[in-house]
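Please open the structure in your viewer and keep the selection tool ready. The stops below say what to select next and what is there.

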Amino acid sequence: MDDKPHWLDQPRNVKRLWHGFLVVLALTVAAEALVPLHPHFEIESVFGFSAWFGFLGCAAMIVVAKTLALVLKRPDSYYGKRDD
Amino acid sequence: MTDIVLHPGLVLICGALVVPWLRGTLRAVSIVALPLAVLALVWQVPDGPAWQTRFLDYTVTPLQGDKLSRLFATIFALMAAGGGLFALGQKSRVEVPAAFVYAGSAIGVALAGDLITVFAFWELMAVGSTLVLWSNGSEDSYRAARRYLMIHLLGGVLLFAGVTGHIVQTGDVAFTRMALDSPAHWLILIGFLVNAGAPPLSAWLPDAYPEASWSGTVFLSAFTTKTAVYVLIRGFPGTELLLWVGLFMVFYGIVYALLENDMRRILAYSIVNQVGFMIAGIGIGTEMALNGAAAHAFTHIIYKALLLMSAGSVLMMTGRRKCSELGGLFHTMPLTTICGTIGALAISSFPLTSGFVSKSMVSQAAADGHLQTVWLLLTAASAGVFLHAGIKFPWFVFFQKDSGLRPAEPPASMRWAMVAFAFLCIALGVWADPLYALLPYAVKYQPYTWAHVLTQLQLLLFSGLAFFVMLPYLKRTLTITLDADWLWRKLAPSLIAGAQRPLDSVKAWLGASLHRFGSDLIAMAVRRYGEDSRLARTWPTRTMAMWVLVLLLGYLVLYYV
């Protein structure tokens with residue numbers, strides 16, 4: 001069954017998935033115009049709040065993690081060699 | 001309805017002692033059927049005290065039912081059944097019985113009406129879980145089990161001190177809501193929090209759980225932390241401290257999971273993260289928040305077990321655990337990939353999965369309470385869950401680069417366990433009413449509004465975008481990240497080694513001086529009392545005669561004076 005490459009292994013299809021993903025992203029933001037959101041807080045009524053907050057929040061968490069890693073990262077044999 | 005109510009937890013524990021003697025089909029059937037029978041027994045427990053007896057001048061209630069107890073006992077029994085099915089092929093004869101003792105004790109805690117019973121089952125849980133860890137049989141798991149037991153015995157001691165203090169002060173053993181108004185209650189809270197994986201000792205969890213066998217971690221993920229969530233809901237609802245502890249755990253879990261390379265350690269950190277959501281909910285303390293915490297514990301046990309089942313399948317079939325050595329497994333493990341991905345979507349609270357209907361109640365409670373900062377942090381953390389568990393886990397294990405590994409799917413029992421739990425993840429997400437009916441308070445919450453679905457999709461999909469955009473920063477390396485376990489794995493041993501050296505020299509000096517003093521003493525004794533010494537000499541008669549002469553002369557002199 002390995003003779004035929006999986007459709008996910010073809011770069012063309014991966015590119016298609018990416019395009020599809022970007023279209024869906026755009027649609028979720030655009031749909032905000034149609035759906036009343038009932039914000040609980042002022043900041044939620046900023047357009048596309050969940051989208052940019054999610055993106056920036058994740059970016060911030062990655063930056064924090066990488067910064068912490070500068071201090072706390074060690075080789076994985078730090079506590080002695082594993083026996084697996 | 002009979003008057004005799006069996007204790008579901010004790011039935012499971014006693015059954016566990018029989019399982020090691022069974023073989024073949026009988027063993028397989030009983031491993032799955034026993035927890036299901038226990039599940040049926042859980043539903044026989046009536047509201048209010050079912051067992052009461054006198055113990056040390058106190059009325060203890062080893063068995064007591066209400067909605068909250070039943071919810072947790074139900075999911076613990078369900079989990080024991082699913083975990084048992086998954087572990088049918090486990091070679092170790094100890095693991096499943098130990099896991100059943102562990103699960104039975106967790107059910108015992110959930111159905112306990114007094115603090116003495118809570119403590120007894122609490123400690124039995126530590127024993128059962130340590131045996132699960134130990135039964136893996138490797139040197140690493142043995143060491144990890146020792147560290148794990150050390151932390152849990154510490155937690156147990158704190159809890160015992162707290163319970164004793166509480167009983168002395170109040171004269172009451174009933175397990176009810178407590179306020180942080182005495183050292184005893186603080187000790188109880190700390191004892192509970194140790195098991196919840198709260199800071200500063202949270203490192204015990206990611207240190208220990210990934211060292212269990214491919215099936216052991218599935219059991220371990222379910223009971224200890226969620227029992228802690230249960231006792232916190234019952235004992236300390238609305239304690240503000242818990243809100244901040246929970247928020248810390250949420251972000252701690254995300255940050256460490258992002259840096260982790262071991263697939264099951266990623267999921268272990270994400271347990272801390274998810275329990276953080278529950279504890280934050282308990283800290284908010286409204287009915288909505290407590291319902292959310294309880295519901296999230298229920299759904300979390302299922303999807304976390306599912307995630308760890310998929311990771312366990314990968315570990316069993318490939319013998320590898322590091323993300324840097326995995327990838328491309330979707331080619332030959334499509335079912336495991338799909339089930340793992342469903343678990344990943346559920347943990348991320350994707351619409352139509354169980355996480356969506358449970359976690360959102362905690363966020364909703366924060367919004368209802370106008371806690372803007374808390375709400376913003378919880379929302380950012382929800383995005384972070386998708387980042388560290390929702391995408392990172394399936395991406396690095398099943399997709400990313402092709403590792404060239406072409407393992408087969410795991411055996412049928414493991415596949416069925418995964419399918420069953422994946423089904424539950426979707427079913428509860430699509431039809432939440434049965435779960436909501438089990439919650440401790442009446443549910444006035446509608447998860448599926450257009451606004452909620454849309455904002456959640458935005459949040460998660462853009463988190464996904466952030467993951468792929470920043471993928472170069474998330475590449476796995478052969479590293480670990482130091483955590484608090486460094487304190488007892490490196491610092492304490494090196495301090496002891498450091499203190500050993502001066503101690504050794506003091507000991508040597510003391511030994512030498514004592515030796516010298518002793519030899520001097522002996523030499524002196526020999527001089528005084530030894531052969532030919534003055535005191536050992538035999539005194540001749542002439543000496544006597546001379547002394548008598550001296551005495552008589554003296555007498556004569558005195559007589560004439």
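**Stop 1: a hairpin in chain B**

Select β1(B) and β2(B): they form a hairpin with two residues between them, and in the turn B:Leu56 has a positive phi of about 50°. The model is predicted, local features need pLDDT of at least 70, side-chain atom pairs count only at pLDDT 80 or more, and totals for chains, interfaces and linings use all residues. Residues are numbered from 1 along each chain as its sequence is written, while chains are lettered from A and ligands numbered from 1 in the order in which they are written.

β1(B) covers residues 48-55 and β2(B) residues 58-65; they run antiparallel and are joined by six bridges. Strands (E, at least two residues) and helices (H or I, at least four) are DSSP runs, numbered from the N terminus. Two strands pair if DSSP finds at least two bridges between them. To see one bridge, pick B:Thr53, whose partner in β2(B) is B:Val60.

**Stop 2: two helix pairs in chain B**

Next select α3(B), residues 67-86, and α12(B), residues 287-318; their axes come within 10 Å and cross at roughly 10°. Axes are lines fitted to C-alpha atoms, for helices over the stretch in contact, and angles run from 0 to 180 degrees between N-to-C directions. α3(B) is therefore roughly parallel to α12(B). Angles under 35 degrees count as roughly parallel, over 145 as roughly antiparallel, 65 to 115 as roughly perpendicular and the rest as oblique.

The contact includes B:Leu68, B:Ile75 and B:Phe86 of α3(B) and B:Phe298 and B:Met309 of α12(B). Residues are in contact if their C-beta atoms, placed from the backbone, lie within 7 Å. By class, this contact of α3(B) with α12(B) has 10 nonpolar, two polar and no charged residues. Ala, Val, Leu, Ile, Met, Phe, Trp, Tyr, Cys and Pro count as nonpolar, Asp, Glu, Lys and Arg as charged, and the others, Gly among them, as polar.

For the second pair, select α14(B), residues 354-368, and α16(B), residues 412-430, which pack at an angle of about 55° with axes 6 Å apart. These two helices, α14(B) and α16(B), are therefore oblique to each other. B:Ser354, B:Phe356 and B:Val357 of α14(B) meet B:Cys425, B:Leu428 and B:Gly429 of α16(B).

**Stop 3: one buried residue**

Select B:Ala228, in helix α9(B), residues 216-235. Is B:Ala228 buried or exposed? B:Ala228 is buried, with 25 other C-beta atoms within 10 Å. A residue is buried at 20 or more such atoms, exposed at 12 or fewer, and partly exposed in between, with C-beta atoms placed from the backbone. Leaving out residues up to four places away in sequence, B:Ala228 touches B:Phe192, B:Asn195 and B:Ala196.

**Stop 4: where the chains meet**

Now show both chains: the contact takes 39 residues from chain A and 41 residues from chain B. On the side of chain A that touches chain B, α2(A) gives the most, with 16 residues. That side of chain A divides into 23 nonpolar, seven polar and nine charged residues.

Select β1(A) with β3(B), residues 479-481, which pair in the antiparallel sense over three bridges. Here A:Arg74 has B:Ile480 of β3(B) as its bridge partner.

Finish with α18(B), residues 450-469. Its buried residues, including B:Leu457 and B:Phe462, pack against α1 and α2 of chain A together with α14, α15 and α19 of chain B.

Key
Contact = placed C-beta atoms within 7 Å. Expected span 1.5 Å × (residues − 1).
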